[in-house]
Amino acid sequence: MSEARGTHDLGLSLFSEERQNIDIGQQIFCNSAVNMGNIVAVGFDMDYTLVQYKADTFESLAYDGTVKKLVRNLGYPKELLEWSFDWTYMVRGLVLDTKRGNILKMDRHKYVKLAYHGFRLLSKDEKVAAYGKTFIKYAFDGPDYAHIDTFFSLAEAYLYAQLVDFKDSNPEKFSEVKDYSRIYADVRSAVDMCHRDGTLKEMVAKDPKKYINEDNSIIPMLKMLKDSGHAVFLVTNSLWDYTNVVMNFLFGAHTIEGSSSLSLDWLQYFDFVITGRPSGKLINTDNGTPLAQVGGSAIELPDRIPNKHCKVFQGGNVSHLHKLLHVGSSSQAGGRCLLFLNLKERLGFSHPHGRLERNSNCSGMSEIRLRIKPITGSGPLSTYEDMDASEKEKLTAKLELLEGYRSRVRAAHQEAQRSFHQQFHPVWGQLMKAGYQNSRFAHQMERFACLYTSRVGNLGLYSPTKYYRPGENIMAHESNVLSL
Ligand SMILES: Nc1nc2c(ncn2[C@@H]2O[C@H](COP(=O)(O)O)[C@@H](O)[C@H]2O)c(=O)[nH]1
Ligand SMILES: [Mg+2]
């Protein structure tokens, strides 16, 4: 046995070749420790978590439906029907300033890094005038702000920007009451109607293949979790009928034609399923009412289904969930149940420049090196007022030179940073960064997600009893020491 193996690596090098090399795009990253061995139940959200919609077709459906409602139900000009949707334009993490008609990208301190009025980039002066120069001038929540945090909101953000531009260039086409805030409220209610009245869901049900990505990593991953003794559940705001259509497609029936061909086979992968209620959102306050089962009582599953005891519920709240999981208080439950929700980055992992963040040495940046010489001298310091005219002239000339130099360095730095960011997204730059800081979106991920990954099927690439541990937290002063 070599000394290295015996004393330092505790024999782990024996397994080095067997260690799985998971591509960075499929890895699971850890913000906060999770020991899967202690996790009793693993839950999955449906829309945009287990089910990945095709953004180009699905979000266009929402866009087209919303435009029609604005024109037909809310009296907006007919020209809107000619508009088209660029599904690549908006990204998650943006904030709409609905009073001013602006779309903002900010960092984790709520410092506004980029601001557009409709599709027009605000100058630095305009941005500073509206949002200040420093951190946390505004809370950016409350009725004047809308957070674009889910894929579902991308179409409404794009349509809002189009309407802001359209109102600015055609004010005569909008009545006085239709200010930017009112326009946003109209867009929001039209989107909401599309989700409620079947505009989207009927189309998806007719041709799921057009709107949903097939994903053959889901079944093995769910099987693995169940086989290792975890309870597995689905929890969705979608209603049962739609959930059943979408899950049939995801679990292999890629040629669904009408509801008659729907099967309940997919339920075998779950211990229970909680769907939304026709009257509202899923997780609401506990009023003590029992959790309603779809169909009045349990859905009768065919005998051949292995997990015949799977029950389907609608509505409910956190305490219902705890009862189903047989866990007591919320603190106990929180430590023993893992819920996967959608926080997937659209551009990050699969983007051709996805590795730039780690490996690139952005050429523009490396050229900018400002050398600061210490001021040395033994004599007493003289003030500007003490100097004679020629000394003052020399000093003023030097100051001008340095100021010119500083503004050129600043401009070059800004340009280098801009072009670096544009490699990720031409308008909004890196999703997870705003300048050098973590973006508001990244900040949310850090705060709310113990684990994150590009798609939920990646869970199947890791042991179901893995102990996920976060990397070391590094403070600013420590990173300087580490780079020495
Ligand atoms: N009434 C509205 N429903 C919406 C809106 N945006 C999304 N949705 C619906 O929520 C669920 C999400 O399901 P989940 O599985 O992620 O919990 C799905 O049915 C969407 O159609 C909205 O603005 N209004
Ligand atoms: Mg979802």
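Visitor: Which residues of helix α3 (residues 124-131) are buried?

Guide: Please keep in mind that this is a predicted model. A residue counts as buried when its relative accessible area is under 20%, and as exposed when that area is over 50%. In helix α3, the buried residues are Lys127, Ala130 and Tyr131. Viewed down the axis of α3, they fall within an arc of 75 degrees, so they line one face of the helix. Asp125 and Ala129 are exposed on the other side of α3.

Visitor: What covers the buried residues of α3, and what follows the helix?

Guide: The cover includes three strands, namely β4 (94-97), β5 (102-106) and β6 (112-117). After α3 comes Gly132, with a positive phi near 80 degrees.

Visitor: Where are the buried residues of helix α8 (residues 218-227)?

Guide: They are Ile218, Met221, Leu222 and Leu225. Seen down the axis of α8, these buried residues fall within an arc of 95 degrees, so they line one face of the helix. Their cover includes β3, β9 (231-235) and α9 (240-250). Just after α8, Gly229 has a positive phi of about 95 degrees.

Visitor: Let us turn to the protein as a whole. How many helices and strands does the protein have, and what percentage of its residues is buried?

Guide: The secondary structure comes to 16 helices and 17 strands. Of the 484 residues in the protein, 42% are buried. Contacts can also be sorted by separation in sequence. Among contacts between residues at least 6 apart in sequence, 75% join residues at least 24 apart.

Visitor: How should I read a nonpolar core?

Guide: In soluble globular proteins, nonpolar side chains tend to be buried together. Here the largest nonpolar core has 91 residues, of which Phe44, Leu50, Met90, Leu163, Met247 and Phe270 touch the most other members. Helix α4 (residues 154-169) supplies the largest share of this core, with 10 residues. There is also a second, separate core of 10 residues, which includes Val95, Leu104, Phe140 and Tyr145.

Visitor: Which residues does Leu163 touch, not counting residues up to four places away in sequence?

Guide: With those neighbours in sequence left out, Leu163 touches Leu70, Tyr76, Leu80, Trp83, Phe174, Ile183 and Val187.

Visitor: Where does Asp45 lie, and is Asp45 buried or exposed?

Guide: Asp45 lies in the loop between β3 (41-44) and α2 (55-72). Asp45 has a relative accessible area of 15% and is therefore buried. The side chains of Asp45 and Thr49 are joined by a polar contact of 2.7 Å.

Visitor: What can be said of Asp47 and Met46?

Guide: Asp47 is in the loop between β3 and α2, and the place of Met46 is also in the loop between β3 and α2. Asp47 is buried because its relative accessibility is 11%. Met46 has a relative accessibility of 0% and so counts as buried. Leaving out residues up to four places away in sequence, Met46 touches residues including Val51, Leu234, Ser238 and Met247.

Visitor: With which side chain does the side chain of Ser238 make a polar contact?

Guide: The side chain of Ser238 makes a polar contact of 2.7 Å with the side chain of Asp47. Ser238 lies in the loop between β9 and α9, and its relative accessible area of 4% makes it buried. Beyond residues up to four places away in sequence, Ser238 touches Met46, Asp47, Lys201, Thr243, Thr275 and Gly276.

Visitor: How far apart are Met46 and Thr275 in sequence and in space?

Guide: Met46 and Thr275 are 229 residues apart in sequence, and 9.5 Å apart in space from C-alpha to C-alpha.

Methods
Residues are numbered from 1 along each chain as its sequence is written. Chains are lettered from A and ligands numbered from 1 in the order in which they are written. This is a predicted model: local features need pLDDT of at least 70, side-chain atom pairs count only at pLDDT 80 or more; totals for chains, interfaces and linings use all residues. Side-chain values use heavy atoms; hydrogens and water are left out. Buried means under 20% relative accessible area, exposed over 50%, partly exposed in between (1.4 Å probe, protein chains only). A nonpolar core is a set of buried Ala, Val, Leu, Ile, Met, Phe, Trp, Tyr and Cys residues joined through side-chain atoms within 4.5 Å. Helices (H or I, at least four residues) and strands (E, at least two) are DSSP runs, numbered from the N terminus. Contact means heavy atoms within 4.5 Å. A polar contact is a pair of N or O atoms within 3.5 Å; within protein, one must be able to donate a hydrogen and the other to accept it, and residues adjacent in sequence count only if both atoms are side-chain atoms. The arc is that of the directions from the helix axis to the C-beta atoms.
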